[in-house]
Amino acid sequence: MNNKIFEDGIEKAKMSYIIFENILIIALLVFGFLGMKSISVLRIPIASILYLLFAFIMLVIVLRKHLCTRCYY
């Protein structure tokens, strides 16, 4: 199986598009945190903390391995 990285995509993305995408991701994380905040044990929002931990692991550790590591943006 040939696992070549697709490099014929968009060379340059608009900065406004990148900022908008990042704001959307942050908004989804905040809304998810707030939505699960009521599920708590001893007034500690366990579900929200686990959600943020899972999101951090997926976005920073797992997805970084599959994204373009040579892109300048």
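## A loop and the helix pair around it

Leu42 sits in the loop that runs between helix 1 and helix 2, and Arg43 is placed in that loop too. Helices here are DSSP runs of H or I with at least four residues, numbered from the N terminus. Keep in mind that this is a predicted model, where local features need pLDDT of at least 70 and side-chain atom pairs count only at pLDDT 80 or more, while totals for chains, interfaces and linings use all residues. Residues are numbered from 1 along each chain as its sequence is written, and side-chain values use heavy atoms, with hydrogens and water left out.

Now the helices. The axes of helix 1 (residues 15–35) and helix 2 (residues 46–66) come within 9 Å, crossing at roughly 155 degrees; axes are lines fitted to C-alpha atoms over the stretch in contact, with angles from 0 to 180 degrees between N-to-C directions. That makes the two helices roughly antiparallel (angles over 145 degrees).

Helix 1 brings Ile25, Leu28, Leu29, Gly32 and Phe33 to the contact, and helix 2 brings Ser48, Ile49, Tyr51, Leu52, Ala55 and Leu59, with contact meaning heavy atoms within 4.5 Å. By class, that is nine nonpolar, two polar and no charged residues. Ala, Val, Leu, Ile, Met, Phe, Trp, Tyr, Cys and Pro count as nonpolar, Asp, Glu, Lys and Arg as charged, and the others, Gly among them, as polar.

Terms used:
Angles under 35 degrees count as roughly parallel, over 145 as roughly antiparallel, 65 to 115 as roughly perpendicular and the rest as oblique.
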